[in-house]
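Subject: Structure handover

Hi there,

Here is the structure I promised to pass on to you.

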Amino acid sequence: MSVDQTAAERLRVELSGMVERGELPGAVVRIEQAGRTLADVRVGYQDVAARTPLAEDSIFRLYSMSKPITSVAIMMLAEQGALSLNDPASRFLPEFAEMRVYESGGVDDMHTAPIRRPITIADLLSHASGITYHFAGVTPVHDYYRRHGVMRDTPVGRTPQDGPPAHSLDELVSRIAKAPLLHQPGERFAYSYSTTMLGAVVERATGQRLDAALRAMIFDPLDMIDTGFFVEDADLPRLVTNYAGLPTGLLPIETAEASEYRDHARLLDGGGALAGTTGDYLNFCRMLVDGGAFKGRRLLSAESLREMMVPRVKTDMPPVSIPFGYGFALGDAATEAAGVQPAGTASWGGSASTYFFVDPEAKASVVLMTHILVPPPMETGTTLRRAVNRAALDLIER
């Protein structure tokens, strides 16, 4: 048996074992290099109770794997001259003109200070804006987000005590503008609704709704035929059931029939609300690996892609701080040693334990699709990522 077959089969065995133990509903992993498929692993189920097997064209919730897509759209608009990365976000989001930063106190007696400089488009790309997520901490700022519904309607990080969520992108822009910032713009990384705000910038810069803008700019040129904010009734049999991974086992939390993706009035969140197939996301990765082009269609210049992959800040997410550029985490020796992300790669993941990375120098793409939200202290997502990284490092010639 060759090294390639051994590594791919080892990954299949690992993932199959997780399915058999009830730790994982199912998963798809594709590893490619220079146009050659090195691993194509598919195990488990779209729906565990119905024993519906995962298919080649199963549709997964991308959650935060939406972020690199929206970030690329922003870079495309910059190349077209529609915006500059140094522009204040308030050029497109005038609601952001007079934002304030948390200084002290609790949610009921909060003291804030004016921003020292405007939030820029670059700050939003690098999550250095001072905006946060309601589920990303326990500070008074996060308490404010929860109380005032500074969030979209999603099962990720929601509690019954939270205020009613925003129902449109414009409404969320307004709520974030009124909320205190976690820190001064440009000061540091804080994972956030920053990319969601970039989606609003795309809408206002193009004059199109975000779904239409992304379709014209990215999905159609990349043949991403099954990627979008909605899943039509004819495609529901391909939409995976969403699960929470709990110590007691897998808990179904959203079926295809009850999915928010059927709602055409849902908030268009370019930071976390796309769905798509493994093949579609591989096409996006192929474009990144090929310097911004796909099948002879150029979306982005190689220079703009290099700009996206320059370290700007360090993430604050354990187990190891990862350099972050414009829309991507950037692997280095420390992240590779920790099993988190191979060196020389650009990557991100989604709340349902999805994960991808591209290695432009090695011309390699890796995509993991699955459908399980894993709250602490469960380690399923970490276990998955490490298994995929091990296989990729064995298979990819670097």
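**Around I31**

Leaving aside residues up to four places away in sequence, I31 touches R36, T37, L38, A39, S365, V366, A391, A392, L395 and I396, where contact means heavy atoms within 4.5 Å. I31 sits in strand β1 (residues 26-33); helices (H or I, at least four residues) and strands (E, at least two) are DSSP runs, numbered from the N terminus. With a relative accessibility of 0%, I31 counts as buried (buried is under 20% relative accessible area, exposed over 50%, partly exposed in between, with a 1.4 Å probe and protein chains only). One of its partners is A391: the two C-alpha atoms are 8.8 Å apart, although 360 residues separate I31 and A391 along the chain.

**Before you read on**

Please keep in mind that this is a predicted model, in which local features need pLDDT of at least 70, side-chain atom pairs count only at pLDDT 80 or more, and totals for chains, interfaces and linings use all residues. Residues are numbered from 1 along each chain as its sequence is written, and side-chain values use heavy atoms, with hydrogens and water left out.

**The whole protein**

The protein has 11 helices and 18 strands. Its radius of gyration is 20 Å, close to the 21 Å that the globule rule gives for 398 residues, so the protein is as compact as a globular protein of that length; the radius is taken over C-alpha atoms, and the rule is 2.2 Å times the number of residues to the power 0.38. Along the principal axes, the C-alpha atoms fill a box of roughly 65 × 45 × 45 Å.

Of the 398 residues, 57% count as buried. Among contacts with a separation of 6 or more, 65% come from residues 24 or more positions apart.

**Aromatic rings**

The count comes to 11 aromatic pairs. Rings of Phe, Tyr and Trp (its six-membered ring) pair if their centres lie within 6.5 Å, and planes under 30 degrees apart count as stacked, over 60 as edge-to-face and the rest as tilted. Y133 and F135 make a stacked pair, 4.6 Å centre to centre with 20° between the planes. Y133 is buried at 4% relative accessibility, whereas F135 is partly exposed at 31%. Both belong to a cluster linked by ring pairs, together with F189, Y191, Y193, F324 and W348.

**Two loop residues and a helix**

Y63, which is not a glycine, has a positive phi of about 45°. Y63 lies in the loop between β4 (60-61) and α2 (67-79) and is buried, with a relative accessible area of 2%. D223 also has a positive phi without being a glycine, near 55°. D223 is in the loop between α7 (210-219) and β7 (242-246) and is partly exposed at 27%.

Finally, helix α5 (residues 169-178) has L169, L172, V173, R175, I176 and A177 as its buried residues, and these pack against α6 (194-206).

Best wishes
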